Each structure stands twice: as C-alpha cells, then as structure tokens.
Amino acid sequence: MRPLLALLTLFFIMIGSSVTAQETPSQKGYHLFNPTPRENMRDFSIDRPDVTESPITVDAGHFQVEADIVKYTLDDRGDGFRTLTFLNGLYKMGLSSSWDIHVGVDFYNTYQTPDGKSIDGSEEYATTTTIRLKHNFWGNDGGSKTALGMIPYIALSRFGDATFGLGIPFSYGISEKLDFGAQAQFDFIPGSDDGEDTYNMSYFQTIVMGGPLVGDFDFYVEGMATFFEGEEYISANGGLIYNVSPNVKIDLATNTGLTEGTPTRVYLGFSFRI
C-alpha cells in the first residue's frame, strides 16, 4: 500500500500548491466560485476520443461532460470476450485557471462470449469510479505552441480494489491545421505475490496527430504502446470529431489491436460544456 499512500499525499500537495499557478490576464482571479466569463473562455478542448489526453484544463467555474454513448470492445484483437458499454462518462469542473477535477463513472457494461453470445447475469452497473486532477503547467491560454500538463488519478472498483497513476500529456501546434500530441502514463495495478497484496506498474506511451479535416469535422491518428509484466500491447487508433457548436462535439473512433492480447474498440461519444 506504500505507493497508494504516496500518490494520495501527492494529491494533497498539488491541491495546496494550485494557488501558485501563474495566470494570464484573461483568466486572472477566476476560480470555482468566481467563474470565468463566457467571453473569456478558452476554445473547447476535450480528452476524448483519442487516448492521449489534452493538457488544457476546463475554465474555472465551468462544467464539462465527455462520455461514450456506446462502446464495443473485443479482447485480444477480436478473438476474446466482448464488452458492450453504455454511457460511461467523465464529468469535469474547473477549479482555477490551471486546475480542474474529474469524476469518471462506468455506468453500464454487459459481456459476451468470443462468438458474440450474451453471458446471462453479466450486466454490471457502476463498476469503477475514477477521480482525477489535471494541472496545466503552461500553454492553457495560448502564447505558446506547446502545452504541458499532468493528471494524477485513482480508480476505485466496487470490489474494493484501487488502481492509481499519473499521466503527463503534451501538445505542440505544428501549424493552424495540424497538431501533435503525446502522453506518458504510469499505472499501478493491484495484484498478488505469494498470497500478499501488491502493485504492479504498467507504462504506456502515445503519439497523436490531428486537426481540421473538412467543414466542421476534425480528425486524428494515433499510436499507443503499453508495457506490462514483460509484454507489449500495441494499437493503432483513429477517429473523427464533428463540431456541432463551439460547446458541443460528437465523435466516432476506433482502437485497433495490433499485437496478441491487445483489445480492439469501436465507440461513439459526445462532449459538451456549460
């Protein structure tokens, strides 16, 4: 449990230090109880549908939702069990000019055998609740082609297990029509060693490129590699994002497993902010 205690300590240290973040003139003085005026809000930035998170935070005092309408997951490149997921969401609130907090909920999952038959009694509700913080070090409000953030998190299952970790997202604006992003993430996953509870570290790395495609559509292509217990899990990802309005987006995306044991996913989702 020492890694878990260390991460929880880091959570509180970061919360306490958030007031020291440098603020730009357009964001100065705004916080949860003094929201950023709508005319000063940033461009709408979301963490989905790519795996690479955005280093940009939600404007202070504003609420944002990013959710799957439906997600279909095929384990082991489609050769394993299948999961159908509905309305799994990430709910965000801007705390200050450079901090926000997220709560993620797995709303409903149902499972199928490798040949696509439903497993009786496999329906699950609210299996995992995730709590995340995001801090932006720089790049939140323009003035730089680059942006850097960090996202510590803890995920609590209804069975009492806790997974935790730290993601470090980075972005670089290559041009007005093309952006580059990357993320390194360390996850600590519960397990057992000779009957004793322990944590095993997993590491993943992503790279992504994307930008405007045509009309109100954006696109992205992404590569992802996960390293865990001596195994490598690699996927090629991509998707489309339709900008319904400045505050509403709809996306359709896929993660295609390329190596043994890597899942393949297809999902439809939406995001909005108020």
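What percentage of the 274 residues in the protein is made up of buried residues?

**View 1. Overall composition of the predicted model.** Buried residues account for 43% of the 274 residues in this protein. Among contacts with a separation of 6 or more, 50% join residues 24 or more positions apart. The accessible surface amounts to about 14100 Å², and carbon and sulfur atoms contribute 61% of that area.

**View 2. Antiparallel pairing of β4 with β7.** Seven bridges connect strand β4, residues 99-105, to strand β7, residues 128-138. Within this pair, V105 stands opposite T129 of β7. In a regular strand, side chains alternate between the two faces of the sheet.

**View 3. Antiparallel pairing of β7 with β8.** Strand β7 also pairs with β8, here over eight bridges. T128 is placed opposite S157 in β8.

**View 4. The second largest pocket and the residues closest to its centre.** This pocket holds about 1300 Å³ of space. It is lined by 46 residues, of which F44, S45, S54, I56 and D179 are the closest to the centre. By class, the lining comprises 18 nonpolar, 16 polar and 12 charged residues.

**View 5. Strands that contribute to the lining of the second largest pocket.** At least two lining residues come from each of β8 (146-157), β9 (162-175), β10 (178-193), β11 (196-214), β12 (217-228) and β13 (231-245). Strand β8, one of these contributors, is also the antiparallel partner of β7.

Notes: Residues are numbered from 1 along each chain as its sequence is written. This is a predicted model: local features need pLDDT of at least 70, side-chain atom pairs count only at pLDDT 80 or more; totals for chains, interfaces and linings use all residues. Side-chain values use heavy atoms; hydrogens and water are left out. On a 1 Å grid over the protein atoms alone, a cavity is a set of points where a 1.4 Å probe fits but cannot get out, and a pocket is an open set with protein on both sides within 12 Å along at least five of seven lines; lining residues have an atom within 4 Å of a point. Grid points are joined across faces, edges and corners, and a volume is the space filled by probe spheres set on the points. Helices (H or I, at least four residues) and strands (E, at least two) are DSSP runs, numbered from the N terminus. Ala, Val, Leu, Ile, Met, Phe, Trp, Tyr, Cys and Pro count as nonpolar, Asp, Glu, Lys and Arg as charged, and the others, Gly among them, as polar. Two strands pair if DSSP finds at least two bridges between them. Buried means under 20% relative accessible area, exposed over 50%, partly exposed in between (1.4 Å probe, protein chains only). Contact means heavy atoms within 4.5 Å. Accessible areas come from the Shrake-Rupley method with a 1.4 Å probe; for residues, only the protein chains shown count as cover.
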